[in-house]
Amino acid sequence: MLAMNFRGPYRVRIDNEKSIPAILHPNDAIVRVLRSCICGSDLHLYHGLVPDTRVGMTFGHEFVGEIVELGSLVNNLKVGDRVIVPFNVSCGKCAFCKQGLYGNCHESNPSATAVGGFLGYSHTAGGYDGGQAEYARVPYADVGPVLIPEWMDLDDAVLLTDIVPTGYQAAEMGGIQKGDTVVVFGAGPVGIMAAKCAWLFGAGRVIVIDHLHYRLDFVRQYAQCEAYDFKELGDPVVFIKKTTDSLGADVCIDAVGCEAAGNNMNTLLGRRLLLQGGSTTALHWAINSVKKGGIVSIVGVYGPIDALVPIGNVVNKGITIRANQASVKRLLPKLIEHVKSGVLNPKEVITHRIPLKEVAAAYHIFSRKLDNCIKPVLIPDNA
Ligand SMILES: NC(=O)c1ccc[n+]([C@@H]2O[C@H](COP(=O)([O-])OP(=O)(O)OC[C@H]3O[C@@H](n4cnc5c(N)ncnc54)[C@H](O)[C@@H]3O)[C@@H](O)[C@H]2O)c1
Ligand SMILES: [Zn+2]
Ligand SMILES: [Zn+2]
């Protein structure tokens, strides 16, 4: 089958070296992929920032597909069903899955203590091949996959595998109260969704910070929010203080993660020398621009090693920090309703529909933010 193949940092290719995956466990399903996406998280792999990303790996944690084969213990699905496949691999039975913490399953990545299992996301996250391919194996298929409703567009469905739940959970973890000022760092697909969802929790003002003007223009219109270029603001923390009566924002969301721009020292230590688990610039700005007693919600991804953050300010300001990988499965029923009612219209963020066989070009475009790219979707020829 055709599958994306990682050859090393900044080098991916399409080839047909892999066979269609087989059922390895009675809880597995094999899906024929109908759509897959490239995520900002894939860029961390592509840029060589995630430990134990092995040559030969097929990435892709955001995909939808049609079931072509089922293990003997999967009784809730049938061949021919079209499913949304959450990016988390979750056993459904461990103490964490039972709490709804599907992103923190204790079984799906048994050799790790912190990181859960994610599809197509390196051996650090369990070593599962992903869905940037014609077919994919879905473990614990009796737990994660959810039927795509008849009325739902596949382009909306594929965005429910990650960026919509992640943006929604970013807003949810912010504990937004009616009228709150919410600042979202990052106008990528995740930040855009976080800004859109902040209103659903009662935000009174939503501000997005990035430096890519085409994304700022998009989010301003799509999420009906204010949006500013941090390079033009000078110090974004000072700007946010000034625009909130010197108090700071009620809630700050980090939707940037380990590849943040905007501070040379963090870029050098976190992205070039890999001396910390990523560049923490957006996280610094979030901590320093939230009000005393406020909440910082982190969905941006950071590496497992230590990172420099202004912990003294967290303590002295009495900040609550909430962070996680999204619990996609927990949120899907509600988000499907929001798509049905038109409250959320995810597919508008898709800027590029690219044949799977052009996956290398797709990575290049998304990584370099060329051609006003916001979200690329890969479509196999047999979809
Ligand atoms: N927790 C989860 O479950 C989860 C799920 C999906 C993605 N993520 C993470 O969320 C982050 C964003 O993902 P994405 O797909 O939107 O990525 P993306 O690369 O498309 O977007 C990141 C954006 O951040 C901007 N940016 C860079 N430095 C900044 C700064 N200092 N301040 C403000 N903006 C800055 C970039 O210009 C870019 O527009 C990534 O770290 C990704 O790994 C987490
Ligand atoms: Zn993703
Ligand atoms: Zn579990």
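Visitor: Which residue in S11 is the bridge partner of threonine 181?

Guide: In this predicted model, arginine 205 of S11 is the bridge partner of threonine 181.

Visitor: What makes S10 and S11 a pair?

Guide: Two strands pair if DSSP finds at least two bridges between them. Strand S10 (residues 181-185) and S11 have five bridges, in the parallel sense, and therefore count as a pair.

Visitor: How does the chain cross from S10 to S11?

Guide: The path goes through helix H5 (residues 189-198), and this β-α-β crossover is right-handed.

Visitor: Why is S12 also called a partner of S11?

Guide: Four bridges join S11 to strand S12 (residues 226-229). The cut-off is at least two, so these strands pair as well. They run parallel, and isoleucine 209 stands opposite tyrosine 228 in S12. With helix H6 (residues 213-222), S11 and S12 make a right-handed β-α-β unit.

Visitor: What makes S11 mostly covered?

Guide: A residue is buried if 20 or more other C-beta atoms lie within 10 Å of its own. Of the six residues in strand S11 (residues 205-210), five are buried, so the strand is described as mostly covered.

Visitor: Which elements each supply at least two residues of the shell around ligand 1?

Guide: S11 does, as do H5, helix H1 (40-46) and helix H10 (281-289). The largest share, four residues, comes from H1. In total, 33 residues surround ligand 1, and Gly40, Ser41, Gly188, Gly257 and Val301 are the closest.

Visitor: How many residues of each class does the shell around ligand 1 have?

Guide: The shell has 17 nonpolar, 13 polar and three charged residues.

Definitions and conventions. Residues numbered from 1 in each chain as written. Chains lettered and ligands numbered in written order. Predicted model: local features only at pLDDT ≥ 70, side-chain atom pairs only at ≥ 80, totals over all residues. Buried ≥ 20, exposed ≤ 12 C-beta atoms within 10 Å, placed from the backbone. Right-handed = clockwise from strand over helix to strand, strands pointing away. Near = placed C-beta within 6 Å. Nonpolar A, V, L, I, M, F, W, Y, C, P; charged D, E, K, R; others polar.
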